[in-house]
Amino acid sequence: MENHKMGIGPLLNEEGNLAEPGYAFGLVKSYDRSKIKAPKWRIKEWDYYYVGNKDYGVALTVADNGYMSLVSASILEFGDKPNQITMTSMGLFPMGKLKLPRDSRIGDVVYEKKGIVFKFTHEGSRRRLICNYPDFGEKGRFFHCDIYLEETNGRSMVIATPFKKKGHFYYNQKINNQKAGGYAKLGDKIYDFNKASYGVLDWGRGVWTYKNTWFWSSVNAEYNGHKIGWNLGYGFGDTKAASENMFFFDDKAYKLLDVKFDIPVDDKNKDSFLETWNFRSSTGDIKVKFRPVLDRASDTNALLIRSNQHQVFGYFTGAIIADDVEYYFEDIPGFAEKVFNKW
């Protein structure tokens, strides 16, 4: 596996294929939906935010998957009795009508329908995330959040990944370690994100193949007075040019090569997601144990379409080596997931 750093230019060539696969620390390639050669119903675009700390978190999604739109909100608790509530609303054949921005740095995401509101807006150097969701988990219970995020590193994980099938690609940015402020409210309960809380943006645009499985882990936290975070993942597309693995420490960003998630299995060879995972790499620069506490699992199966997701939250202990320096940490919060899609 190489680590090819991309230069500035258009994302796609005239044939609708990636002009230059690889990675970058920012959105150096310009995404233009009109340059895609695939049918509109095959184009997938989403903005996903997770904001959390060691005790609780909020996840927000707005997605235009061509044949299906999706907005989703989750509230997660990691205390003595881990718990999560997720509400999702779907629609048919948006095919670009959600008008998700072509660049993460400009443009707003606004969804309003039947009392459900999602607004991801830019306010100076900050992002503002507002969500209103009635009947959240039970009739008459209202969910509301008003959260701010501010970048702290200046660099992010960006990758342009081709698939073997022509005209199929994934353009992705993860902005880690965004300092959070604000709150969420579920019924009468308030979740304060003004202390030791950080967020990540998963900004994805592309044309995916029908069947795939991906693995992803994200950490955004503080440890001993330092900001620490990562984006680790694999499992889709042709990553010969570059992987999506990157480590963040204070204002530094380090490109990593490969990673493997060892998920325990039971006596029937099924994944035991709430047992301890092991993260490793062939170069030895990733040596991490993951102690799960909550599995946000869902399995949507509708004939030709299926999404089986396990987004597992917990605490990480271990070390990552970058530029010959070993960064050690204990019990920092984050998540890791395994997702199988037929879409």
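The largest cavity of this predicted model has a volume of about 100 Å³, where a cavity is a set of points on a 1 Å grid over the protein atoms alone at which a 1.4 Å probe fits but cannot get out, and a volume is the space filled by probe spheres set on the points, which are joined across faces, edges and corners. The model is predicted, so that local features need pLDDT of at least 70 and side-chain atom pairs count only at pLDDT 80 or more, while totals for chains, interfaces and linings use all residues. Residues are numbered from 1 along each chain as its sequence is written, and side-chain values use heavy atoms, without hydrogens and water.

**Cavities**

**Pockets**
- A pocket is an open set of points with protein on both sides within 12 Å along at least five of seven lines, and the largest pocket holds about 1,000 Å³ of space.
- The lining of the largest pocket comprises 42 residues, among which T61, N65, L70, S307 and Q309 lie nearest its centre.
- About 200 Å³ of space lies in the second largest pocket, whose lining includes S69, M90, Y111 and K114.

Definitions and conventions:
1 Å grid on protein atoms, 1.4 Å probe; cavity = no way out; pocket = protein on both sides within 12 Å on 5 of 7 lines; lining within 4 Å.
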